[in-house]
Each structure stands twice: as C-alpha cells, then as structure tokens.
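Hi there,

Here is the structure I promised to pass on. Have a look at it first, and then read on for what turned up.

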Amino acid sequence: LRQGATSEGGPAAMDSSPDSTPTTASAMESASLSSGKEPAARGRHFFLATGDPSDGLYSAVWILVTIAFCGLSAGLGGATNGWELGLYAPLFSHAVQWLVCTLHAFPYQTEVYYDLTGSITYALLAVGTLSITAGRTRSVHARQLVATAFVLVWCTRLGSFLFQRIRRDSKDGRFDSLKPYFVAFFGTWNIQGAWCFLTGLAVWAANACDPAEQPAFGWLDGVGVCVWCVGFGIEVVADRQKAAWRALPSSKGRYIDVGLWRYSRHPNYFGEWLLWTGQFVLCASAFGSGDATGAFVGAGFLSAASPVFVYLLLNYVSGVPLLEKRSDERWGGEQVYLAYKRETYVFFLLPTRRTEASRPLL
C-alpha cells in the first residue's frame, strides 16, 4: 500500500526480506497469517479454499474490507473536491488496481507489477487532477505546480527502486498466502488504490481548487517545501544505506543499526510520513475562504487525514508491527538486539543513547 509506500529494512527485516511500500501487502499478510491459513498447493480460487471451516467467514471479511476502503476513498474525495469532480480521482485510483489485478496479476499469479502500478497511479492522479483544473480555468498556481512536481519526483524514484528490486528478487513472499484466492489478492490491490488516493489527498484537493482563488505562494508554503525535502531526503538516504549494508558479506542474516538506522528502527517510514506531512502543509493555504470546491467552504482541510492515515497505517496496521514481529522472532534472544530496541526509537528519527552492549555485530 508499496505500495508504498518505501522499501523497509532495518532491524525488522532480514537481509533477504521482501519488504516494500508501507503497506498493504504487509497488512494483508498479517490478516492472513492471523487466521492460520495457508495457500492452496495448486490452482486459483475465487474465495478462500484452505480447507478450514472459517474460509467462508474470512472471504466475507475480505469483501467487506474491499467495500470499506472504496467507501473511504469516495467519501473523502467527495467531501474535499465535491460530489461530482471528487469521485473521479478515487474511482480512477481504484480502477487501475482492479484492472491490473483482474487481467494480469491474478491470472498469472504474480505481484511483479504491484509497486510499479502504484507509482504510475500516483503520477497519473497528480497530472490528471492538475490538467482538469488547468483545462477548466486556463491557469495553474505555483503551489499546484510544486505539489504535483513533488509527487512525480517521489513516485518516480520509489517506483523505479522497488521495480528494480522485485525484478532482481523475482517475487515478494508476503503475497504467497494471498495470490491463490481472488478475494484476498484483489483486496490487496484495492487497498493500494485507497493508499494512493488517501496519501496524496491534499495534492488532489489543492489541484482541484481554482488558481485565481488561492493566495500567493507564502511562508507557509515554504515551510511545507522544507518539510517535504527533509522527509524525502531521509527516505532516500535510508534506502541507500540499507542497500549498501545488504551488499556487505558481513551483514548477511543481521539487522542494520548504522547510519540513520542508528537513530530510528524505521527511518525510511519516518521519512515517508514526513514528506506527506510536508505536502499537506504546502497545500493548506489553498483551503481558505476562497475554496468552494468541496462539500463546504474549507473542506480541503479534511485532507489533513492524509498524514494521519499514513502514520496510523505504518505504526499500527502494516509496516512497523509486522517487521518488528519478524525481527523479534529472529533476534529476540540476543542481548545486543534487545539493547538496540531499548535505546532506539521505533519510528521517529531522534538522538539516542548507545551503549557498549548495543554496538553492531558486523
């Protein structure tokens, strides 16, 4: 929900971890594993078919989850951008995932284009929402151009990074328990549609606002730009450090606690959240008294749900909980690892006290 999005590693991921965007695959794998189900040995099935009596119940849950995320996207889209224009973007975001899953991913039992599809969806939403407003008003605002450019830079960097990795690894093991069952596999793709739309909600809402009604580019926009740049930089550096660390023969089978990973157990997730927070701050000035695009004046401020959604999903649903569990299972008996956990923040990138006991064993 890749989908995205960032490549996770750190103490919560082994050197061979098939990590991806924050995201939806991790969350759905958690749900699948919690039910104790294993994928069928062969074939494809519309509903869960593990032989467990609760297959019908979990199939129904998947259907309800799919409907709920569609409703969440439609509700926030309509509220922030109006019930006509505001439904186009979420419908498009979800429909792209539906088509790729139904026509390619499920028939061929592959997730190779999962993260790439998410990145392309971000780019199309950014350009599409801006183009609709430009075509209607014959003008664009500097704020809209900057916010759209930030989305394009971010999704191009992350999408290419993740696509190259899955081409190298050939698969993402988190999908193994989901791919044989259409309702579950389709559900993960549908949640990626919600992830793409909700994380970029502030940008889509700002792009829908009339440029003539927006205030000039000011100090608040500058703050948003700075916050985004810091978040993006943290994400990029953390990914590069992780990739370099994985290439070391001495790091095989070990967790990373050097570089930015010394100060946060998930610095790339923190960077991901920070950059979307910056996007909201950048776009906030568009949602003032002149904003009559949504269901009510100032409805664009509902897009504050974007950084909140990212934070909650990363810290309490997908991402951090699953990766921390894997790490505890792998290294929970090591005193060095336990000391690292005690002395290092799980999410926020903050100074920490390191002791002799928590030095990396490389």
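Is threonine 66 buried or exposed? Threonine 66 has a relative accessible area of 12%, and because that falls under the 20% cut-off, threonine 66 counts as buried. Please keep in mind that this is a predicted model.

To find threonine 66, look in helix α2, which covers residues 55-81. Leaving aside residues up to four places away in sequence, threonine 66 touches Phe186, Gly187 and Asn190.

The protein chain has a mean pLDDT of 84, and 84% of its residues reach 70 or more. Confidence is lowest in helix α1 (residues 24-34), with a mean of 50, and highest in helix α9 (residues 267-283), with 97. Residues 1-7 have a pLDDT below 50, although the model gives this stretch 55 contacts beyond near neighbours in sequence. Residues 9-21 also stay under 50, with 71 contacts beyond four places in sequence.

The axes of helix α8 (residues 219-246) and α9 come within 7 Å and cross at roughly 160 degrees. Angles over 145 degrees count as roughly antiparallel, so α8 is roughly antiparallel to α9. The crossing of α8 past α9 is left-handed.

Helix α5 takes in residues 142-169, 28 residues in total. From first C-alpha to last, α5 reaches 41 Å, close to the 40 Å expected at 1.5 Å a residue. Serine 170 follows α5 and has a positive phi, near 75 degrees.

On that topic, most residues other than glycine have a negative phi. Which other residues are worth a look here? Glutamine 109 is not a glycine, but has a positive phi of about 50 degrees. Glutamine 109 sits in the loop between α3 (85-108) and α4 (114-137), and is partly exposed at a relative accessible area of 23%. Arginine 138 is not a glycine either, and its phi is positive at about 60 degrees. The loop between α4 and α5 holds arginine 138, which counts as exposed at 74% relative accessibility.

Happy browsing, and do write back with any questions.

Best wishes

Definitions and conventions:
Residues are numbered from 1 along each chain as its sequence is written. This is a predicted model: local features need pLDDT of at least 70, side-chain atom pairs count only at pLDDT 80 or more; totals for chains, interfaces and linings use all residues. Side-chain values use heavy atoms; hydrogens and water are left out. Helices (H or I, at least four residues) and strands (E, at least two) are DSSP runs, numbered from the N terminus. Buried means under 20% relative accessible area, exposed over 50%, partly exposed in between (1.4 Å probe, protein chains only). Contact means heavy atoms within 4.5 Å. pLDDT is the predictor's confidence in each residue, from 0 to 100. The expected span of a helix is 1.5 Å times one less than its number of residues. Axes are lines fitted to C-alpha atoms, for helices over the stretch in contact, and angles run from 0 to 180 degrees between N-to-C directions. Angles under 35 degrees count as roughly parallel, over 145 as roughly antiparallel, 65 to 115 as roughly perpendicular and the rest as oblique. A crossing is left-handed if the near helix is turned anticlockwise from the far one by less than a right angle, and right-handed if clockwise.
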